[in-house]
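Hello,

Please have a look around first, then come back to the text below.

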Amino acid sequence: LAAALIVAAGGGERLGAGRPKAFVALAGRPMVEWSIDAMRAVDAIDEIVVALPPGERAPAGVTGVPGGASRSQSVRAALEAVPDADPVVVHDAARPLVTPRLIERALAALESRAADGVVAAAPVADTVKRAGEDGGVVETLDRSRLWAVQTPQVFRRAALVRALDRPDAILAAATDDASLVEEAGGAVHIVPGPPENLKVTEPLDLEIAELLLARRR
Ligand code: C5P
């Protein structure tokens, strides 16, 4: 059966809310609880593990583990708590607008495409340029092939275990788990995720998430 690993151990310095981001109040409850609800609504998910920052406790009904020094180390710690789970859904607590439907679509694609991993992603709307440190533009990328990658990211257990079996410095530099699976030679596919599945990073994101969640209720 599948397990969901929700990483919630980040400090949330950019949000500046004075407590870890995943535990900041959002539409009346700690941010992480919105993601837990979405995972609970997916029949295929049997167990939910949350990687926690120091000083926070797991909400009722989910397993808590201490998070790691980096995001991928937190994923690794959570994965160790569910030794039999396969496949595995990895999700950032910082994306509280995730829906059960999106999680189900990713799990279905993992089966139908026989991939090692499937990631939710939105087509990039902005033109993306690469620039040097001095601000000089080096190139303009072909937007039609670019995707802004989100979570959930779902993996076959063996592929994720292998991807995370790397030195801490490599894990610390990774901004998602799929990139580690790709580096290990795994096949990763995309399923379109709605732009609404935004990541709360800055105070403005918190305001937008609050509005969108209020509209849902
Ligand atoms: O910092 P950022 O928003 O990119 O973090 C993405 C997700 O990873 C957040 O949900 C955060 O709580 C989590 N994280 C973690 N352990 C860390 C760093 C980040 O669980 N050491």
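Let's start with the ligand: the space it takes up is the largest pocket. Please keep in mind that this is a predicted model.

Who are the ligand's neighbours? In total, 15 residues surround the ligand, and the closest are V7, G10, K21, S74 and K199. Sorted by class, this shell is made up of six nonpolar, four polar and five charged residues.

At G10, a backbone N or O atom lies 2.9 Å from a ligand oxygen. A93 also uses its backbone, with a polar atom 3.2 Å from an oxygen atom of the ligand. With R14 the side chain takes part: one of its N or O atoms is 3.3 Å from a ligand oxygen. Of the 460 Å² of accessible area that the ligand has on its own, the protein covers 83%.

Finally, a word on rings. If you search for aromatic pairs, you will find zero in the structure. There is a charge over a ring, though: the charged end of R29 sits over the ring of W34, 4.7 Å from the ring's centre.

Enjoy exploring!

Key
Residues numbered from 1 in each chain as written. Predicted model: local features only at pLDDT ≥ 70, side-chain atom pairs only at ≥ 80, totals over all residues. Heavy atoms only, no water. Near = heavy atom within 4 Å. Polar contact = N/O pair within 3.5 Å; in protein donor to acceptor, adjacent residues only side chain to side chain. Areas by Shrake-Rupley, 256 points an atom, 1.4 Å probe, with all protein chains shown as cover. 1 Å grid on protein atoms, 1.4 Å probe; cavity = no way out; pocket = protein on both sides within 12 Å on 5 of 7 lines; lining within 4 Å. Sits in = over half its atoms within 2 Å of the grid points. Nonpolar A, V, L, I, M, F, W, Y, C, P; charged D, E, K, R; others polar. Phe/Tyr/Trp six-rings, centres within 6.5 Å; stacked < 30°, edge-to-face > 60°. Lys NZ or Arg CZ within 6 Å of the ring centre and 35° of its normal.
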